[in-house]
Amino acid sequence: MQSRGEKRFNSPLTEMGEMIGNTHYNWDLDSPTGSNRRVTNFLSSQGYKFATVSPTDYRKAQRISLKMKTFPAKGGIKILGKMIVVNLKNTDIVN
């Protein structure tokens, strides 16, 4: 499973280095696979098992997600073989 993106909050309660006001998805933005380890560890604690995401697969998921809707909209999740891509970043085109 590969999640992509972030959700930033513009609030006086949000300061870098602080947990209050931030989403846990932002904590791993510097990782070559984003927050995938945190997400898969959480899902593992709930009984779901996923393979470790490689940086190559993550980059592939990033390319695929550019043509996807943002989750939870229909089209925000794609299953491609053994890869599940969930687009958390707003890439929706507004006309």
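Helices (H or I, at least four residues) and strands (E, at least two) are DSSP runs, numbered from the N terminus. Thr-40 sits in one of them, helix H1 (residues 36-45). This is a predicted model, in which local features need pLDDT of at least 70, side-chain atom pairs count only at pLDDT 80 or more, and totals for chains, interfaces and linings use all residues. Residues are numbered from 1 along each chain as its sequence is written, and side-chain values use heavy atoms, with hydrogens and water left out.

Start with the overall layout. The protein chain has two helices and three strands. Along the sequence they follow the pattern β-α-α-β-β. The chain has 95 residues, and 29% of them count as buried. Buried means under 20% relative accessible area, exposed means over 50%, and partly exposed lies in between (1.4 Å probe, protein chains only). The accessible surface of the chain is about 7,100 Å². Carbon and sulfur atoms hold 56% of that surface. Such areas come from the Shrake-Rupley method with a 1.4 Å probe; for residues, only the protein chains shown count as cover.

Next, contacts, meaning heavy atoms within 4.5 Å. Take those in the protein chain with a separation of 6 or more: residues 24 or more positions apart account for 41% of them.

Return to Thr-40. Its relative accessible area is 14%, so Thr-40 is buried. A polar atom of its side chain lies 3.2 Å from the backbone oxygen of Arg-37. That is a polar contact: a pair of N or O atoms within 3.5 Å, where within protein one must be able to donate a hydrogen and the other to accept it, and residues adjacent in sequence count only if both atoms are side-chain atoms.

Now look inside. A nonpolar core is a set of buried Ala, Val, Leu, Ile, Met, Phe, Trp, Tyr and Cys residues joined through side-chain atoms within 4.5 Å. The largest one here has five residues: Ala-61, Ile-64, Met-68, Met-83 and Val-85. H2 and strand S3 (83-87) each supply at least two residues of this core. In soluble globular proteins, nonpolar side chains tend to be buried together. Leaving out residues up to four places away in sequence, Ile-64 touches Lys-78, Leu-80 and Met-83.

Tyr-58 also belongs to helix H2. Tyr-58 is buried, because its relative accessible area is 10%. Its C-alpha atom is 9.2 Å from that of Val-85, 27 residues apart along the chain.

The loop between helix H2 (55-65) and strand S2 (77-80) comes next, and Pro-72 is found there. A cis peptide bond joins Phe-71 and Pro-72, with omega about 20°. Most peptide bonds are trans. Phe-71 lies in this loop. With a relative accessible area of 40%, Phe-71 is partly exposed. Together with Ile-77 and Ile-79, Phe-71 forms a nonpolar patch on the surface, with about 300 Å² of accessible area. Patches are made of residues with over 30% relative accessible area and no salt bridge; like charges are joined within 9 Å, nonpolar side chains (Val, Leu, Ile, Met, Phe, Trp, Tyr) within 5 Å. A salt bridge is a side-chain nitrogen of Lys or Arg within 4 Å of a carboxyl oxygen of Asp or Glu.

Gly-75 is in the loop between H2 and S2. Gly-75 counts as partly exposed, because its relative accessibility is 33%. Setting aside neighbours within four places in sequence, Gly-75 is in contact with Met-68 and Lys-69.
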